[in-house]
Amino acid sequence: MKHTHIVIMAGGVGSRLYPVSTPERPKQFLDLLDCGKTLIRLTYERFLQVDSQASFWVVTSGRYTHFVREQLPAIPEDQILAEPEARNTAPCIAYACWKIRCKDPGANIIVTPADAFVPDCSAFAATMHTALDFTADRHAIVCVGIEPDSPHTGYGYIHAPGATDGIVKVESFKEKPSPDVAERYLAEGGYFWNAGIFVWNLDTIESELRSHAPQICAVMDELSPALCTPAEEAELVRLFPTCEKISIDYAVMERSSEVFMIPGRWAWSDLGSFEAIEKITGKKLK
């Protein structure tokens with residue numbers, strides 16, 4: 001049985017929620033839902049229900065590592081990864097996966113944003129278990145699609161016709177649509193909001209990155225001898241900023257032929273706007 005590793009991406013500045021979320025303390029480190037827990041803490045606890053024995057990693061900006069240590073004290077210091085500068089999600093994910101290989105070459109991995117809201121943790125865990133079982137011994141990437149309940153223009157879409165409750169092949173990824181296109185997606189069906197949650201085993205993501213993002217892999221390979229040694233920090237500062245600045249969606253998802261989707265049949269929000277948060281809490285933020 002492959003061991004599960006959870007990678008929480010927590011480097012964003014939450015600019016859409018300024019001035020509540022600021023570059024000094026962005027939204028993932030705030031109790032925006034007024035529940036006594038920050039968004040990253042809620043994410044961590046949700047994934048503990050997926051696998052209480054999982055290894056957790058957080059990739060964030062160097063200026064936010066103290067928030068992670070304060071809010072997630074159970075995560076080992078060497079599994080809080082500090083990016084010297086933001087290079088989007090593909091380099092972030094590559095760095096985490098190369099680090100995981102140092103400890104567990106047979107890892108099965110979930111990558112997730114730090115700041116989504118999913119109230120039904122049990123249903124969420126069941127979906128994640130299905131995805132982890134699927135990727136454990138297959139060369140496959142599984143992403144999570146949320147069935148839309150409105151023609152939202154703020155999310156990217158996954159086109160996966162025929163999806164019911166099982167895992168299906170992704171036909172294409174779509175950029176954030178215009179209102180007219182979003183209306184068409186909703187009417188046609190088979191289109192899902194992209195939740196930004198990805199599941200794969202370590203060999204799969206390394207292979208896909210080598211095929212579709214070779215420049216980033218070359219940087220990681222040069223960094224590799226220093227990983228998990230005292231030289232890592234200095235080498236990371238030297239090399240990481242040379243990575244191509246690109247999202248995992250552009251770098252891999254839209255180019256790979258091995259991408260599948262599992263529908264998330266549970267409430268979800270990326271909490272990316274004041275309206276989204278106010279809808280959940282019933283309180284005005286500004």
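Me: Why is C121 called buried in this predicted model?
Reply: Its relative accessibility is 19%. Buried means under 20%, so C121 counts as buried.

Me: What keeps the sulfur of C121 from a bond with the closest cysteine sulfur?
Reply: Distance. The closest cysteine sulfur, in C35, is 11 Å away. A disulfide needs the two sulfur atoms within 2.5 Å, so this pair is too far for a bond.

Me: How do you know that C143 is buried, and what about a bond to its closest cysteine sulfur?
Reply: C143 has 0% relative accessibility, against a cut-off of under 20%, so C143 is buried. The closest cysteine sulfur sits in C97, 16 Å away, which is too far for a bond. The structure holds zero disulfides.

Me: What makes D115 and K27 a salt bridge?
Reply: Their closest N and O atoms are 3.6 Å apart. The cut-off is within 4 Å. D115 lies in the loop between β4 and α4, K27 in the loop between β1 and α1, so the pair ties together parts 88 residues apart in sequence. D115 is buried at 16%, and K27 is buried at 6%.

Me: How do you know that the span of α1 agrees with a helix of 12 residues?
Reply: At 1.5 Å a residue, residues 39-50 should span 16 Å. The end C-alpha atoms are 17 Å apart, which agrees. The buried residues of α1 fall within an arc of 165°, so they line one face of the helix.

Note on methods
Residues numbered from 1 in each chain as written. Predicted model: local features only at pLDDT ≥ 70, side-chain atom pairs only at ≥ 80, totals over all residues. Heavy atoms only, no water. Helix = DSSP H or I, 4+ residues; strand = E, 2+ residues; numbered from the N terminus. Expected span 1.5 Å × (residues − 1). Arc of directions from axis to C-beta. Buried < 20%, exposed > 50% of the residue type's maximum accessible area, 1.4 Å probe, protein only. Salt bridge = Lys/Arg side-chain N within 4 Å of Asp/Glu carboxyl O.
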